[in-house]
Amino acid sequence: MSLHSIKYQQNMVLIRPIILYSFGGFALGGIGALVIMMQWILAPNWVFFCFILLTVASTVALIVGFNRYAKCPACGKFPRARNNKVALNVESCSNCGEQLM
Ligand SMILES: [Zn+2]
């Protein structure tokens, strides 16, 4: 158990609600904007902009959350899976080899 692995495990706990809420906000904003765009319901323009804003804000929150919590505490880079995608809950960092779990 190194300090880095403790920090990383704390980050994995903290990033979970961020992912959950940003996906929820993204879905809600996207569906809301789509419904108004398709004119299934009539809504004033400011409601449409609120949905768009929610979608954008969710995306930004997800990016900020990943930048803050998904990085390896030892080297500050994103641990990647074999397919080169940024991975969460990894056993060890793909960049520096630090044990994270
Ligand atoms: Zn690392």
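Me: What covers the buried residues of H1?
Reply: In this predicted model, the cover over the buried residues of H1 includes helix H2, which runs over residues 45-69.

Me: And which residues of H1 are the buried ones?
Reply: They are Tyr8, Ser22 and Gly29.

Me: Turning to H2, which residues are buried there, and what do they pack against?
Reply: In H2 the buried residues are Phe51, Thr55, Ser58 and Tyr69, and the buried residues of H2 pack against H1.

Me: How many helices and strands does the chain have?
Reply: The protein chain has two helices and zero strands.

Me: How far apart are the ends of H1, and what span should its 35 residues give?
Reply: H1 covers residues 3-37, and at 1.5 Å a residue its 35 residues should span 51 Å; the end C-alpha atoms are 50 Å apart, which agrees with that expectation.

Me: What about the span of H2?
Reply: For H2 the 25 residues should span 36 Å at 1.5 Å a residue, and its end C-alpha atoms are 36 Å apart, so the two values agree.

Me: What is the radius of gyration of the chain, against that of a compact globule?
Reply: The protein chain has a radius of gyration of 18 Å, whereas a compact globule of 101 residues would have one near 13 Å. Along its principal axes, the C-alpha trace spans about 55 × 25 × 15 Å, and buried residues make up 13% of the 101 residues.

Me: Which residues make up the largest nonpolar core?
Reply: That core has five residues in all, namely Tyr8, Cys72, Ala74, Cys93 and Leu100. Tyr8 is also one of the buried residues of H1.

Me: What does Ala74 touch, leaving out residues up to four places away in sequence?
Reply: With those left out, Ala74 touches His4, Cys93, Cys96 and Glu98.

Me: Where is Glu98, and what does it touch on the same terms?
Reply: Glu98 is in the segment after H2, and, not counting residues up to four places away in sequence, Glu98 touches His4, Cys72, Ala74, Ser92 and Cys93. Glu98 and Cys72 are 26 residues apart in sequence, with their C-alpha atoms 8.3 Å apart in space.

Me: Why does Glu98 count as partly exposed?
Reply: Glu98 has 17 other C-beta atoms within 10 Å, and it is partly exposed because that count falls between the 12 or fewer of an exposed residue and the 20 or more of a buried one.

Definitions and conventions. Residues numbered from 1 in each chain as written. Predicted model: local features only at pLDDT ≥ 70, side-chain atom pairs only at ≥ 80, totals over all residues. Helix = DSSP H or I, 4+ residues; strand = E, 2+ residues; numbered from the N terminus. Expected span 1.5 Å × (residues − 1). Contact = placed C-beta atoms within 7 Å. Core = buried A, V, L, I, M, F, W, Y, C linked by C-beta atoms within 7 Å. Rg over C-alpha atoms; globule rule 2.2 N^0.38 Å.
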